Amino acid sequence: MIITQTPFRMSFFGGGTDIEKYFKVNGGSVISTTFDKYCYVTVRHLPRFFDYKTHLTYSKMEYVNSYDEINHPAIREAMRMLDMHELRLTYESDLPAKSGLGTSSSFAVGMLNAFYAIKGKYADKRKLANEAIYLERVLCNETGGWQDQIAASYGGLNRINFSANGYDVVPIIISPERKAELNNNLMMFFTGFTRFSSEVQRVNAQDDSRKKIDMLRQMQKLVNNAEKILVDKAIDLDDFGKLLDETWRLKRQTGSAVSTDSIDALYNRGITAGALGGKLLGAGGGGYLIFYVQPAKQEQVKKAMSDLMYIPFTFEDAGTKVIHYTPESYNPVG
């Protein structure tokens, strides 16, 4: 039996510049971190006592005998890609899916990690990220960027740079005290709205206007400013919060599905209550709002957002990992 634990991510700056069609021409950069909310994938070989060969449990349950019978696209294509057979797979999560935290990509990474482990093979973080990108973007033909799979694989607070040659993961070097201060100044709230990121991305991808490209380029430039704020102790960390507000106002102009009147109203409520800045996490349309709030103002913001669920969190650095490993002897039939 194998159990993997894979973190979710929050993206601060540069979201949208990680889409291949954009960064192959313009380059791209994002700053993101993973935090202590996870998805868990349990995999074992199914005993041959049943009238089905594979049992899958996620938000639904499936009992199947062949790849073609599997409804879940990522599971179906991952099993086919790695030649997996006779499995019992269970997915569990600390937070709901379709919420802007890269949950589907975290699942893809964690599932691939579990599949390699049950085969007795080691897959490093880059291999897992690359294969999760290929699984979601090519085999499943889902619209979206590359940052989620990379963040889930590597973990930590990173700048991820994209180019025609691929990507590089650059850890942001920040003192433990400053990193803790950043963590303590961020507040996350669940809007209650969920959506499929790929659907939001598909709607937004229809707009290839010069204005959208200009907005993405401006967002890309903010990545340098944000990194400088984080690593330079002489700069007031509150500037990070103000920059979040700037990138969110740009992000809202990159697609019609990024925000809604309801989300705008929630965001403005947080700012009015004392947040210096914030943004909606993920592609847009729903999910989680993150605010940068000085400690003295946090109770005011929490009160103003009292109709939403407040989610405390702590940054994490490990990325996907196998947390339980019991080797199995498995002999394929035939």
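How many bridges join strand β3 to β4? Select residues 54-57, strand β3: four bridges join β3 to β4, and the two run antiparallel. Strands here are DSSP runs of E, at least two residues long, numbered from the N terminus. Two strands pair if DSSP finds at least two bridges between them.

Before moving on, note that this is a predicted model: local features need pLDDT of at least 70, side-chain atom pairs count only at pLDDT 80 or more, and totals for chains, interfaces and linings use all residues. Residues are numbered from 1 along each chain as its sequence is written, and side-chain values use heavy atoms, without hydrogens and water.

Stay at the hairpin. Three residues link β3 to β4. Pick His 55; its bridge partner in β4 is Tyr 63. Now select 61-64, strand β4. Glu 62 and Val 64 form its covered face, while Met 61 and Tyr 63 form the uncovered one. In a regular strand, side chains alternate between the two faces of the sheet.

Next, the open sheet. Four strands make it, in the order β9-β10-β8-β11, with antiparallel pairing. Select 277-280 (β9) and 309-310 (β11): these are the edges, each with a single partner strand, so one side of each has no neighbour in the sheet. Helix α9, residues 238-251, packs on this sheet and touches β8, β9 and β10. A helix is a DSSP run of H or I, at least four residues. Contact means heavy atoms within 4.5 Å.

Last, colour by pLDDT, the predictor's confidence in each residue, from 0 to 100. The protein averages 91, and 92% of the residues score at least 70. Over residues 200-204 the pLDDT is below 50.

Technical notes:
Buried < 20%, exposed > 50% of the residue type's maximum accessible area, 1.4 Å probe, protein only. Axes fitted to C-alpha atoms, helices over the stretch in contact; angles between N-to-C directions.
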